[in-house]
Amino acid sequence: MERKKRILTKNLDERKRRIHHARIVATTILVVLLLLVAGCFAIGEYLVLFAVGPSEIMGNVNLDPGASSEDCVLTTIDTNREKFDQKKEEWLSRTEVKEVEIESDDDLALKGFFYPAKEETHDYALLLHGYRDTHKGMENIAYVYNEHMAFNCLLPDMRACGESEGDYVGMGYLDSKDVENWIDYLIEEDPQARILVSGISMGGATTMMVSGLDLPDNVVCFIEDCGYTSVWDIFEHELDFLFHLPAFPLLHVASAISSLQVGYSFTEASSLDALSRCERPMLFIHGTNDDFVSYSMLDEVYEAKTKGEKEILRMEGAGHANSYLQDPELYFSTVHSFLGKYFFQD
């Protein structure tokens with residue numbers, strides 16, 4: 001009897017030890033999972049701030065290199081940039097630039113800069129700058145449109161960039177509605193306005209996202225230069241390139257945080273979705289040596305536009321946002337030929 005009690009006690013103690021051990025293992029697993037979740041959210045929060053957060057917090061980080069990897073091409077680009085800068089400064093010295101302002105749908109003061117044509121015209125080029133840049137980054141382009149193609153030019157500072165208000169960079173998605181408001185501003189100023197919308201890099205993505213909106217007939221056509229397929233795609237590339245981290249689960253968490261804090265998820269900010277609704281003419285431009293916004297995205301965005309006229313210009317050897325600097329003659333002759341179908345008829 002005594003022996004039976006000892007066996008029962010031993011079995012009970014063993015069961016308690018097993019339960020205690022199981023609780024320790026479960027608690028450890030739970031703590032590890034909680035730490036992993038907390039870590040993912042912390043990294044996700046950082047990624048959102050790093051990618052689209054306020055410039056004053058992130059030190060105006062710019063992921064947009066705007067350069068080719070080939071030294072010989074860089075030499076050409078540097079030479080052409082110097083020429084453009086000189087001509088631009090001469091143009092600015094005789095151009096009376098007007099600062100204008102509109103209010104966004106979420107009550108932000110958005111600044112724009114208007115460069116009038118030498119002669120009165122109803123033709124307007126709405127030119128959109130790249131990631132964390134300002135309107136100044138589009139002045140070389142504006143010089144050509146204004147001086148050689150006789151466009152009035154409007155160069156906005158996108159939200160959270162330059163002199164415009166905003167806590168987060170719009171990455172084209174929030175900006176598309178802002179650009180729609182800039183279009184309304186131009187039409188209010190000139191009901192006969194004929195408007196070209198064009199942008200480079202993030203401005204190119206914005207142009208594509210704008211193209212899918214229900215726009216007034218005053219908007220004639222679009223030119224996008226090295227825009228990305230979606231915010232998800234460009235951030236997935238940069239997550240791997242800069243941090244050597246996988247998209248799952250970090251980008252999923254960051255996208256969810258962005259949806260709550262910023263107002264858009266990385267997947268819904270899609271040029272491809274917008275292009276499927278675009279019926280107006282568009283010229284697509286991309287450098288073949290672009291390793292920031294992958295050159296492969298050119299075919300994706302081009303194929304996504306299934307309605308209306310479209311043209312494509314592949315700039316051999318050009319890096320990101322440098323197509324017009326690598327071969328200005330080819331670039332702007334193609335642009336002029338495209339625009340000639342819809343402007344310049346008078």
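Reader: Where is F241 found?
Author: In this predicted model, F241 is found in helix α7.

Reader: Buried or exposed? And what's the relative accessible area of F241?
Author: F241 is exposed, because its relative accessible area is 53% and the cut-off for exposed is over 50%.

Reader: Which residues make the nonpolar surface patch there?
Author: Y46, F241, L242, F243 and L245 make a nonpolar surface patch of about 440 Å².

Reader: Which helix gives the most to that patch?
Author: Helix α7, which covers residues 231–243, gives the most, with 3 residues.

Reader: Switching to the inside. How many residues are in the largest nonpolar core?
Author: The largest nonpolar core has 64 residues. M171, I183 and Y228 are those with the most contacts inside that core. Helix α5, residues 173–189, supplies the largest share of this core, 7 residues.

Reader: And what is M171 in contact with, leaving aside neighbours within four places in sequence?
Author: With those neighbours left aside, M171 is in contact with V52, Y131, M202, M209, Y228, V231, I234, F235 and Y264. Y228, one of these contacts, is also among the residues with the most contacts inside the core.

Reader: What about the second core?
Author: The second core is separate and has 38 residues, including F113, C226, L283 and F343.

Reader: Which residues sit on which side of β4?
Author: N152, L154 and P156 are on one side, with C153 and L155 on the other. They are all buried, and both faces of the strand are covered.

Reader: How does β2 pair with β4?
Author: Strand β2, residues 109–115, pairs with β4 in the antiparallel sense over 4 bridges. F114 has L154 as its bridge partner in β4.

Reader: And β3 with β4, parallel or antiparallel?
Author: Parallel: 3 bridges join strand β3, residues 123–128, to β4. Y124 stands opposite N152 of β4.

Reader: Where is the place of T121?
Author: T121 is in the loop between β2 and β3.

Reader: Is that one buried or exposed?
Author: T121 is buried, because its relative accessible area is 17% and buried means under 20%.

Reader: What does T121 touch, not counting residues up to four places away in sequence?
Author: Not counting those, T121 touches A150, N152 and D190. N152 is also the β4 residue that stands opposite Y124.

Notes:
Residues numbered from 1 in each chain as written. Predicted model: local features only at pLDDT ≥ 70, side-chain atom pairs only at ≥ 80, totals over all residues. Heavy atoms only, no water. Core = buried A, V, L, I, M, F, W, Y, C linked by side-chain atoms within 4.5 Å. Buried < 20%, exposed > 50% of the residue type's maximum accessible area, 1.4 Å probe, protein only. Helix = DSSP H or I, 4+ residues; strand = E, 2+ residues; numbered from the N terminus. Contact = heavy atoms within 4.5 Å. Patch = residues over 30% accessible without salt bridge, like charges linked within 9 Å, V, L, I, M, F, W, Y side chains within 5 Å. Areas by Shrake-Rupley, 256 points an atom, 1.4 Å probe, with all protein chains shown as cover. Salt bridge = Lys/Arg side-chain N within 4 Å of Asp/Glu carboxyl O. Pairing = 2+ DSSP bridges.
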